[in-house]
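Subject: Structure handover and notes

Dear colleague,

Please find below the structure that I promised to pass on, followed by my notes on what was found in it.

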Amino acid sequence: MASISRCLRAARPSAFAAVRSSASRTVAARPFSVTASNEIRKYTKEHEWIDLAADKKTGVIGISEYAAKALGDLVYVELPEEGRTVNKGDAIGAVESVKSAADINAPVSCKITQINLVLEEKPGNLNQVPEDDSHGGGWIAKVQVDEQGLQDFETLMDSEQYNEFTANEDH
């Protein structure tokens, strides 16, 4: 199965016009909060994201809003296996939409500790809130990160770099 980024390249360029404008929106802090979020979010070129907690030992993985919109209406999500240890780039699951199917790859080396079972019943949550890591959101898995995973994390793009990357993909 193809990665998310390969599936996006196969789509018509005009399909990205609406995606580009929404991909540049980022939220730096929670609403009505005086403290910034303690998580650090980074992205892969394959359109996965990981929020690394302040303890730098745990995180949450998902697919980007850009990818979710480009894939179209998601009809099926294959979730990873809890307890599985994976390396950066390993396929941990898949998404299927009315347009195509794509693998979800691990953005860093990690151990899957929890999966979002809500997505089995409601795969459309990935379209509605793909970058929401709260209960009912579109996150894929919660993970435990080791030293290799931290090194992998440092190679990923921050939100500004990712927005530039996706803007260049549209051309």
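A salt bridge here is a side-chain nitrogen of Lys or Arg within 4 Å of a carboxyl oxygen of Asp or Glu. Please bear in mind that this is a predicted model, in which local features need pLDDT of at least 70 and side-chain atom pairs count only at pLDDT 80 or more, while totals for chains, interfaces and linings use all residues. Residues are numbered from 1 along each chain as its sequence is written, and side-chain values use heavy atoms, with hydrogens and water left out.

Searching the whole structure gives 3 salt bridges. In one of them, Arg41 pairs with Asp51, and the closest N and O atoms are 2.6 Å apart. This pair links distant parts of the chain, since Arg41 belongs to strand S1 (residues 40–43) and Asp51 to strand S2 (residues 48–52), 10 residues apart; helices (H or I, at least four residues) and strands (E, at least two) are DSSP runs, numbered from the N terminus. Arg41 is partly exposed at 22% relative accessibility, whereas Asp51 is buried at 4%, where buried means under 20% relative accessible area, exposed over 50%, and partly exposed in between (1.4 Å probe, protein chains only).

Glu154 forms a salt bridge with Lys42, with 4.0 Å between the closest N and O atoms. Because Glu154 sits in helix H6 (residues 147–154) and Lys42 in strand S1, this pair ties together parts that are 112 residues apart in sequence. Glu154 is exposed, at a relative accessible area of 51%, while Lys42 is buried at 13%.

Lys69 and Glu65 form a salt bridge as well, their closest N and O atoms being 3.4 Å apart. Both residues lie within helix H3 (residues 65–71), 4 residues apart, which is about one turn of the helix. Lys69 is partly exposed at 37% relative accessibility, and Glu65 is buried at 18%.

Turning to the surface, Val75, Tyr76 and Val98 make up a nonpolar patch with about 300 Å² of accessible area together. Patches consist of residues with over 30% relative accessible area and no salt bridge, with like charges joined within 9 Å and nonpolar side chains (Val, Leu, Ile, Met, Phe, Trp, Tyr) within 5 Å; accessible areas come from the Shrake-Rupley method with a 1.4 Å probe, and for residues only the protein chains shown count as cover. Tyr76 itself lies in strand S4 (residues 74–78) and is partly exposed, with a relative accessible area of 41%.
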